[in-house]
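Open the model in a viewer and keep the selection tool at hand.

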Amino acid sequence: MPVKNELHVIYGTDARKMVYELLEKTQIAKELNPGMHIGIKPNLVVAKKASEGATTTPAIVEGVIQYLQAKGIKKISIMEGSWVGDSTKRAFSVCGYQAISEQYGVPLHDLKEDDFVIREVDGLAIKVCKKPLEVDLLINIPVLKAHCQTLLTCALKNLKGCIPDSEKRRFHSLGLMKPIGLLGKAILPGLTIVDALAGDLTFEEGGNPVQMDRIILGKDPVLIDTYAASLLGYAPTEIEYIGIAERAGVGSANLAAAKLYEYDRELKNGHEFKPSRKAKQRSRKVIAKEACSACYGSLIHALQRLDDTGALPLLNKPVYIGQGFKGQSLDGLGIGHCTRQCTAHVPGCPPSAKAIVDFLEKTLHSR
């Protein structure tokens, strides 16, 4: 069974199979009993298909339900409240959750219609919907993606779907960071499963997905968000609500002390990166040959971070990535283990986007 300082990552493209295997490997069933009521909280912020990079892949939720039902759990609910500008019921239908509900006999709860209670956290009163608080285990299933205001949206921010619309508006008036950081103490999920298959590059609403081909599991949402930040090219200190949550006692941001377990890493090599429109724009200086999605996805997020700071145009050396460059001595910058014979390279298989950002910035500053 996973403990709070563990992170479990599985690579692949078959989401239903991946999440089922991940739950088996981490022996979650040892913490379950047939009488439990389990709530599943996906990210259905808008009524858009998961392929656009904004919403939770329905096959992940389907795999979780199949696993729970195989372990004798009968009382399972899917609950969500879309953002103020959209309809949860429409999102349930468009995103494939109405079909899942009907197939597996799992009810859907629109939290926009739920009652709420007030919980005080570090002097801040927060309205929280009742249904997520009434389950025996809440499984949080966010999408790993960028956000135009908070930079990152993952485990902690996904809980915003568990508050009423009036409270969502108030969170924005409070600047988002503090209330998001404290929300994890008002409603702490027992398990978080991150859809890191293809989240959006820059915007919560989707449209520019970046293929990453992985699912992440853990119990500590602060630790998960710290790891998630590195996958998008950020240091945890750049995501203000991570520090707020840690200081509030929600979890730990000490990634160095975490235990990382990776599964099916060898399968990464079989998943060729398929860039979306914006990803293609960011990769103009990249020379790829048989590049796998896990590595290339990290590179795209790193290049976006350089673009955010205005440094991307300064990158004037070719950037090589992919298995096709193994053993070749190349005059340029290499990304990952396969390009270690380049003039300079960042190690890892795959390296995180933060590691790539640091490497590229160091290269630019050393000119």
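Helix axes here are lines fitted to C-alpha atoms over the stretch in contact, and angles run from 0 to 180 degrees between N-to-C directions. The model is a predicted one.

Select residues 293-308, helix α12, and residues 353-365, helix α13: their axes come within 8 Å and cross at roughly 50°. Angles from 65 to 115 degrees would count as roughly perpendicular and those under 35 as roughly parallel; α12 and α13 are therefore oblique to each other. The crossing of α12 past α13 is right-handed.

Now show side chains. On the α12 side, the contact is made by S298, L299, H301, A302, L303, R305 and L306; on the α13 side, by A353, I356, V357, L360 and E361. This contact comprises eight nonpolar, two polar and two charged residues.

Next, select residues 177-186, helix α8, together with residues 240-247, helix α10. Their axes lie 8 Å apart, at an angle of about 40°. Helices α8 and α10 are therefore also oblique to each other, and α8 passes α10 in a right-handed crossing. M177, K178, I180, G181 and L182 of α8 meet E240, Y241, I244 and A245 of α10. Six of these residues are nonpolar, one is polar and two are charged.

The last stop is the largest pocket, with a volume of about 260 Å³. To centre the view, select V45, W83, K157, K160 and E204, which lie nearest the pocket's centre among its 19 lining residues. Helices α6 (155-158) and α7 (165-173) are the elements that give two or more residues to this lining. By class, the lining has five nonpolar, eight polar and six charged residues.

Methods
Residues are numbered from 1 along each chain as its sequence is written. This is a predicted model: local features need pLDDT of at least 70, side-chain atom pairs count only at pLDDT 80 or more; totals for chains, interfaces and linings use all residues. Side-chain values use heavy atoms; hydrogens and water are left out. On a 1 Å grid over the protein atoms alone, a cavity is a set of points where a 1.4 Å probe fits but cannot get out, and a pocket is an open set with protein on both sides within 12 Å along at least five of seven lines; lining residues have an atom within 4 Å of a point. Grid points are joined across faces, edges and corners, and a volume is the space filled by probe spheres set on the points. Helices (H or I, at least four residues) and strands (E, at least two) are DSSP runs, numbered from the N terminus. Ala, Val, Leu, Ile, Met, Phe, Trp, Tyr, Cys and Pro count as nonpolar, Asp, Glu, Lys and Arg as charged, and the others, Gly among them, as polar. Angles under 35 degrees count as roughly parallel, over 145 as roughly antiparallel, 65 to 115 as roughly perpendicular and the rest as oblique. A crossing is left-handed if the near helix is turned anticlockwise from the far one by less than a right angle, and right-handed if clockwise. Contact means heavy atoms within 4.5 Å.
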